[in-house]
Amino acid sequence: MPITTVCVPEEAYKKVKAMAAFEEMSVSEFMRKTILEQVEDSQNYEVGINILNEHNERVSRKDVLKEVFSN
């Protein structure tokens, strides 16, 4: 597994350390989890945008509200 070093300001590190403790994780685990979640979110966003671009159908707000509230 590759290892990398990340430099962060002392105040930011204190915040990261506190969040890691709150999540009951080491700082390394917390940072790894957070980074990988961000990567996954970005990939999901890209996939969503591609799907929207492929199906470029426009729907009016009026039609959306009609569909949502027509029970």
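Guide: pLDDT is the predictor's confidence in each residue, from 0 to 100. This is a predicted model, so local features need pLDDT of at least 70, side-chain atom pairs count only at pLDDT 80 or more, and totals for chains, interfaces and linings use all residues. Residues are numbered from 1 along each chain as its sequence is written, and side-chain values use heavy atoms, with hydrogens and water left out. The chain averages a pLDDT of 90, and 97% of the residues score at least 70.

Visitor: Which element has the lowest mean pLDDT?

Guide: Helix α3 (residues 61–69), at 84. Helix α1 (residues 10–22) has the highest, 97. Helices are DSSP runs (H or I, at least four residues), numbered from the N terminus.

Visitor: How many salt bridges?

Guide: Two. The rule is a side-chain nitrogen of Lys or Arg within 4 Å of a carboxyl oxygen of Asp or Glu.

Visitor: What does Lys14 pair with?

Guide: Glu11, with the closest N and O atoms 3.4 Å apart. Both lie in helix α1, three residues apart, about one turn. Lys14 is partly exposed, at 44% relative accessible area. Buried is under 20%, exposed over 50%, partly exposed in between (1.4 Å probe, protein chains only).

Visitor: And Glu37?

Guide: Glu37 bridges to Lys33, closest N and O atoms 3.3 Å apart. They sit four residues apart in helix α2 (residues 27–54), about one helical turn. Glu37 is partly exposed at 37%, and Lys33 is partly exposed at 31%.

Visitor: New topic. Is Phe69 buried or exposed?

Guide: Exposed, because its relative accessibility is 65%. Phe69 lies in helix α3.

Note on methods
Helices (H or I, at least four residues) and strands (E, at least two) are DSSP runs, numbered from the N terminus.
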